[in-house]
Amino acid sequence: MKYPFGKPVIGVEERLAIEEVLQSGILVHGSKTTGFELAFASYTKAPYAVTVSSCTAGMHLIYFTLNIGEGDEVIVPAQTHVATAHAVEFTGAKPVFVDSERSTGNIDIDRLEAAITSATKAITVVHYLGVPVDMSRVLKIAKDHNLFVFEDCALSPGAKVDGTHTGLLGDAGIFSFYPVKHITSAEGGMIILKDEELCRKLQLKKAFGVDRTHGMRKDPGLYDVVDLGFNYRMSEIHAAIGVEQLKKLPFFLQKRAENKAALLKRLGTVSGIELMSSPPDRLKSSDYCVSILLDKDLAFKRQEIMRSLSARGIGCSIYYPQPVPRMSYYKRKYGYDPSAFVEATRYSDQSIALPIGPHLEVADMERIGDELKSIIEDLQ
Ligand SMILES: *Cc1c(COP(=O)(O)O)cnc(C)c1O
């Protein structure tokens, strides 16, 4: 693939950092994880940051720590990565799905209040493809109903609402460092939050519920377990990669923005497709990809279009291939009413996501735009 959809940009800095960790012999509980937490907190202006082994683990950790479980409900968007819903399922609570807003793909805030019941404990939003949810209305609704607000920021590092970094608008936010996200630690995640007490509990419960870390133990081997907890820690090797990647994030974001502008310009003359409307300036996107929406007729030929793109060396993807409630596991468990998820379904069934990552150049965007145009024109 000449233009892969996603490709981690790893340099000599990451290699040296890994080597340094291996040489040190300290592979967990070290200065790389604490350093990554401090650097990420500083970048986002978060009071607290907690490394975890993945975004999914971190989401589970949050719900578990909030004592969300059987009999409880958490509102989640229908259009998201399955992890957003799975993390609720792990606890025994029920994810309650809400359809997308047509123009952005984000959770439809107009439908939020109707989904709240006496069992609702939290609202989880996802900043879909890096376009931030306009949080003020979500926060107002959450306040009226006394609900925790959780932000799935897996695709939104660098995205802001009125200058505030995503993840700090609600009660907690989580990022993913999976290889094709904005920055990677191979696997990993980071929770950011404002509440010191919740942060302390998360640190405890991500490491067995053990009351003191290695560094805090006066007598080697002696510790107590004060709570139930997982092993959801990030290793020093993963954190070392993350620290180096975070330094490059501003450059990566700049490149994504330039690529997006170039691709959108090129796609402006393609007929049969709709482009997602760009958000107002106060909602700063992290520009994960350019997702195009095919008109109904063209959507029947989506597989053909995607195969032609692949044949021309252009990687593409679908975000996300099904509304989560339509996935077999969820359909079987909760039933599925297609009429409740019309907009989320449109994104799943009619969209194609095109790459704009920092592994590509503006000239590549022009090529991708032209190829797509010719593929579509041949089909019309
Ligand atoms: C990738 C992704 C996740 C899962 O992240 P992991 O780090 O792989 O667990 C969760 N939510 C969204 C929106 C994602 O895009």
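In which loop is D287 found? D287 is found in the loop between β11 (283-284) and β12, where helices (H or I, at least four residues) and strands (E, at least two) are DSSP runs numbered from the N terminus. The structure is a predicted model, in which local features need pLDDT of at least 70 and side-chain atom pairs count only at pLDDT 80 or more, while totals for chains, interfaces and linings use all residues. Residues are numbered from 1 along each chain as its sequence is written, and side-chain values use heavy atoms, with hydrogens and water left out.

**Backbone geometry**

- Most residues other than glycine have a negative phi, and most peptide bonds are trans.
- D287 is not a glycine, yet its phi is positive, at about 50°.
- With a relative accessible area of 8%, D287 is buried; buried means under 20% relative accessible area, exposed over 50%, and partly exposed in between (1.4 Å probe, protein chains only).
- H29, in the loop between α1 (12-24) and α2 (31-44), also has a positive phi, near 55°, and is a residue other than glycine.
- H29 counts as partly exposed, at 36% relative accessibility.
- From C-alpha to C-alpha, H29 and S235 are 7.5 Å apart in space, although 206 residues separate them in sequence.
- Y319 and Y320 are joined by a cis peptide bond with omega of about -15°, and Y320 lies in the loop between α10 and α11 (328-334).

**Ligand surroundings**

- There are 17 residues around the ligand, of which T56, D152, S176, K181 and Y320 come nearest; a residue is near a molecule or strand if one of its heavy atoms lies within 4 Å of it.
- In the side chain of T56, an N or O atom is 2.5 Å from an oxygen atom of the ligand.
- D152 places a polar side-chain atom 2.8 Å from a nitrogen atom of the ligand.
- For Y320, a polar side-chain atom lies 2.9 Å from an oxygen atom of the ligand.
- A polar contact is a pair of N or O atoms within 3.5 Å; within protein, one must be able to donate a hydrogen and the other to accept it, and residues adjacent in sequence count only if both atoms are side-chain atoms.

**Helix α12**

- Seven of the nine residues of α12 are buried, so the helix is largely enclosed by the rest of the structure.
- The buried residues of α12 are E343, A344, T345, R346, Y347, S348 and Q350.
- Their cover includes β10 (273-275), β12 (290-294), α9 (296-299), α10 (302-311) and β13 (351-354).
- Q350 lies in α12 (residues 342-350) and is buried, with a relative accessible area of 12%.
- Apart from neighbours within four places in sequence, Q350 is in contact (heavy atoms within 4.5 Å) with I292, L293, L294, D295, K296, A299, R302 and T345.

**Pocket and cavities**

- On a 1 Å grid over the protein atoms alone, a cavity is a set of points where a 1.4 Å probe fits but cannot get out, and a pocket is an open set with protein on both sides within 12 Å along at least five of seven lines; lining residues have an atom within 4 Å of a point.
- Grid points are joined across faces, edges and corners, and a volume is the space filled by probe spheres set on the points.
- The second largest pocket holds about 410 Å³ of space, and its lining has 28 residues, with H81, A83, S176, Y178 and K181 nearest its centre.
- α3 (55-65) and α4 (82-90) are the elements that give two or more residues to the lining of the second largest pocket.
- That lining has 16 nonpolar, nine polar and three charged residues; Ala, Val, Leu, Ile, Met, Phe, Trp, Tyr, Cys and Pro count as nonpolar, Asp, Glu, Lys and Arg as charged, and the others, Gly among them, as polar.
- Two cavities of 30 Å³ or more are present, and the largest cavity has a volume of about 210 Å³.
- The largest cavity is lined by 17 residues, and V131, K260, M276, S277 and C289 lie nearest its centre.
- At least two residues of the lining of the largest cavity come from each of α8 (236-267) and β12.
- The second largest cavity holds about 140 Å³ of space; it is lined by 20 residues, of which K7, V180, K181, R256 and P358 are the closest to its centre.
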